[in-house]
Amino acid sequence: MQAFTGFTTIYASLGGLQVGDMLTQLFFFIVLLILLRKYAWGPLMGVMQKREEYVANEIEEAEKSRAEAEKASQEAAAQLKQTKQEAQKIIEDAKSAGVKQEQDIVESARNEADRIKKSAQEEIENEKEKALQALQDKVASLSVLIASKVIEKEISEQDQEKLINEYIKEAGEE
Amino acid sequence: MDHEAPLALDVFGISWLDFNLSNVLMMAIASLIVFVLCVLGSRKLQMKPTGTQNFMEWVIDFVKGMINDTMDWKTGKVFLPLGLTLITYILVSNLMGVVTMATFGHDLWWKSPTSDPGITLTLSTMVIVLTHYYGIKVRGVKEYGKDYVRPFPVFLPIKIIEEFANTLTLGLRLFGNIYAGEVLLGLLAATTSAGIWGFLGGAIPMLAWQGFSLFIGSIQAFIFTMLTMVYMSHKVSSDH
């Protein structure tokens, strides 16, 4: 094989085209490729792939949560609006109820006052009547008493006679 | 560059199995460096990346961008580990010869493994074979075969030659760039070690050329990976 080596030797320091070198190179390269793929490129690409997925996932998540937040804020705004309306309604209701109650109270107070006034007047009237009655009674008896006393003193025999006659006459006419 | 390669001929008594031990050593070291760096870089992976994880993810995004430029990501994602391994391995290999070169005795031991045409051609052949494999796997034998006579059957010989040309250019471009860089670096290194005037005259060009070699090494790693993806897309995409 010396002849072949001599023929292919380009330059002494090159060493020529050695079949052994070629086979060794091929072997080394394939082994290097397999080892690196297993211990370096594989894990690296795995991590990069994972990161890519992670980032995509995160973006998706962020978008989702953003949409959710938007929805929630819209809901909150709607709820706030509704609550405000309700509060307004409650206040108005309370106001009108207050007004009504006020009117009611005033009305009932007035009624009560009227009633009390009326009954008081009635009572006053009653008492007055009673007092008048009592006074009348008293006056009557007093006047009788006075009259009897006066009569006892003033009426003479003659007068008495006259009076009796008159009464009899009257009675007879009737 | 009058150094010899440490050859091991007819290993195991097999007449065609020759090794350039320096290449074997450098391939092993390059593979080891790439493996250790990448595994260290992808330890303690977190959702919130810090430090090296950021860098590793940037590399992945970079290669992902290359694949996205050339083909649909759905068909292209299986090539991501291949592209990543190619770009890291070739970059480290290219830079190893820039950092230093070492000889023991008369043999050149420490150099870029990619400054050997056999190795770059192995890589390019592997890539082209993979493009054919995935072309058949993704689109089926019929569609794959039709590509050779599209748009006209006249193109068949050209298309076949193209495959070999692609293999050769892909491998030899990388080899040529790195090898040329190393030749000049070796010459400059020889100059700087040839006395005080040699050192003064050679140091600045050496610095400049090392910087340039760094640039070339990165660019070549990028180009190799990019072209791999381009050839791959020619085979697996149906819109070409």
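This is a predicted model: local features need pLDDT of at least 70, side-chain atom pairs count only at pLDDT 80 or more; totals for chains, interfaces and linings use all residues.
**Chain B overall**

Chain B contains 7 helices and 4 strands. Along the sequence these elements run in the order β-β-α-α-α-α-β-β-α-α-α. The box filled by the C-alpha atoms of chain B, taken along the principal axes, is roughly 65 × 55 × 40 Å.

Two packed helices are described by the angle between their axes and the distance between the axes. The table gives these values for two pairs.

| Helix pair (chain B) | Angle | Axes |
|---|---|---|
| Helix 1 (residues 21–41) and helix 2 (residues 52–70) | roughly 115° | come within 8 Å |
| Helix 5 (residues 117–146) and helix 6 (residues 156–192) | about 140° | 8 Å apart |

In the pair formed by helix 1 and helix 2 of chain B, C38(B), L40(B) and G41(B) of helix 1 meet T52(B), Q53(B) and M56(B) of helix 2. By class, this contact has 3 nonpolar, 3 polar and no charged residues.

Helix 5 and helix 6 of chain B cross in a right-handed sense. On the helix 5 side, the contact is made by residues including P117(B), T120(B), L121(B), I128(B) and H132(B). The residues that helix 6 contributes include E163(B), N166(B), L170(B), G171(B) and F175(B). The contact of helix 5 with helix 6 of chain B has 9 nonpolar residues, 7 polar and 1 charged.

**The largest pocket**

The largest pocket has a volume of about 450 Å³. It is lined by 18 residues, and the closest to its centre are F55(B), W58(B), V59(B), T88(B) and L91(B). The elements giving two or more residues to this lining are helix 1, helix 2, helix 4 (80–99) and helix 7 (196–236) of chain B. Which helix provides the largest share of the lining? Helix 2 of chain B does, with 6 residues. By class, the lining comprises 14 nonpolar and 4 polar residues, with no charged residues.

**An annotated stretch of chain A**

For chain A, an unreviewed UniProt entry carries the annotation "coiled-coil region" over residues 52–141. In the model, this span of chain A is 100% helix and 0% strand.

Key. Residues are numbered from 1 along each chain as its sequence is written. Chains are lettered from A and ligands numbered from 1 in the order in which they are written. Side-chain values use heavy atoms; hydrogens and water are left out. Axes are lines fitted to C-alpha atoms, for helices over the stretch in contact, and angles run from 0 to 180 degrees between N-to-C directions. Contact means heavy atoms within 4.5 Å. Ala, Val, Leu, Ile, Met, Phe, Trp, Tyr, Cys and Pro count as nonpolar, Asp, Glu, Lys and Arg as charged, and the others, Gly among them, as polar. UniProt positions are given in the numbering used here, feature names are shortened, and annotations may be inferred rather than shown by experiment. On a 1 Å grid over the protein atoms alone, a cavity is a set of points where a 1.4 Å probe fits but cannot get out, and a pocket is an open set with protein on both sides within 12 Å along at least five of seven lines; lining residues have an atom within 4 Å of a point. Grid points are joined across faces, edges and corners, and a volume is the space filled by probe spheres set on the points. A crossing is left-handed if the near helix is turned anticlockwise from the far one by less than a right angle, and right-handed if clockwise.
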